[in-house]
Amino acid sequence: MAFSDTYFKRFQTGKIQIAEKPSADLFLIIIIPSYNEDELCKSLQSISNCALPDKSVEVTVVINSSEDTATDIVLKNRETYKKALAFAEKNNTSKLNFFILKEENLPQKFAGVGLARSEERRVGKECRSRW
């Protein structure tokens, strides 16, 4: 068993967040954990403005909060989620896809960057099966 298999098994949340399989020509994956962010769409726009490779790029945003997050931050995250979804709908192309995820009331173990890593593993597993 390879190191990565052990790592993926240990940290797998078991919840599929994106049903769409990665593109066959996937070249770059960008994972952005988001918590209490005011300017997320500016960051997404910056990525969209970049000179992109000839192959596909995925940007996965994971907006999340833990079970003890203050109500005002949860509400801000929900507003950020709505704005990011609208951005993705407007800016997704055949070579640049934005996936916007929202998770609330997570146990501390899975909140923050940890949940973003689990989404990276979903894509990693799909890509490894092709290599």
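Predicted model: local features only at pLDDT ≥ 70, side-chain atom pairs only at ≥ 80, totals over all residues.
The protein has four helices and three strands, and they run in the order α-β-α-β-α-β-α along the sequence.

**How α2 and α3 pack**
- The crossing of α2 past α3 is right-handed.
- On the α2 side, L40, C41, L44, Q45 and S48 do the touching, and they meet T80, K83, A84, F87 and N91 of α3.
- Sorted by class, that contact has five nonpolar, four polar and one charged residues.

**The nonpolar core**
- The largest nonpolar core holds 14 residues, and the ones touching the most other members are I32, L40, L44, V59, V61, F98 and I100.
- Two or more core residues come from each of α2, β2 (56–66), α3 and β3 (96–106).
- Strand β2 gives the largest share, with four residues.
- Take I100 as an example: setting aside neighbours within four places in sequence, I100 is in contact with L44, V61, I63, Y81, A84, L85 and A88.

**The whole chain**
- Of the 131 residues in the protein, 37% are buried.
- Looking at contacts between residues at least 6 apart in sequence, 84% join residues at least 24 apart.

Technical notes: Residues numbered from 1 in each chain as written. Heavy atoms only, no water. Left-handed = near helix turned anticlockwise from the far one by under 90°. Contact = heavy atoms within 4.5 Å. Nonpolar A, V, L, I, M, F, W, Y, C, P; charged D, E, K, R; others polar. Core = buried A, V, L, I, M, F, W, Y, C linked by side-chain atoms within 4.5 Å. Buried < 20%, exposed > 50% of the residue type's maximum accessible area, 1.4 Å probe, protein only.
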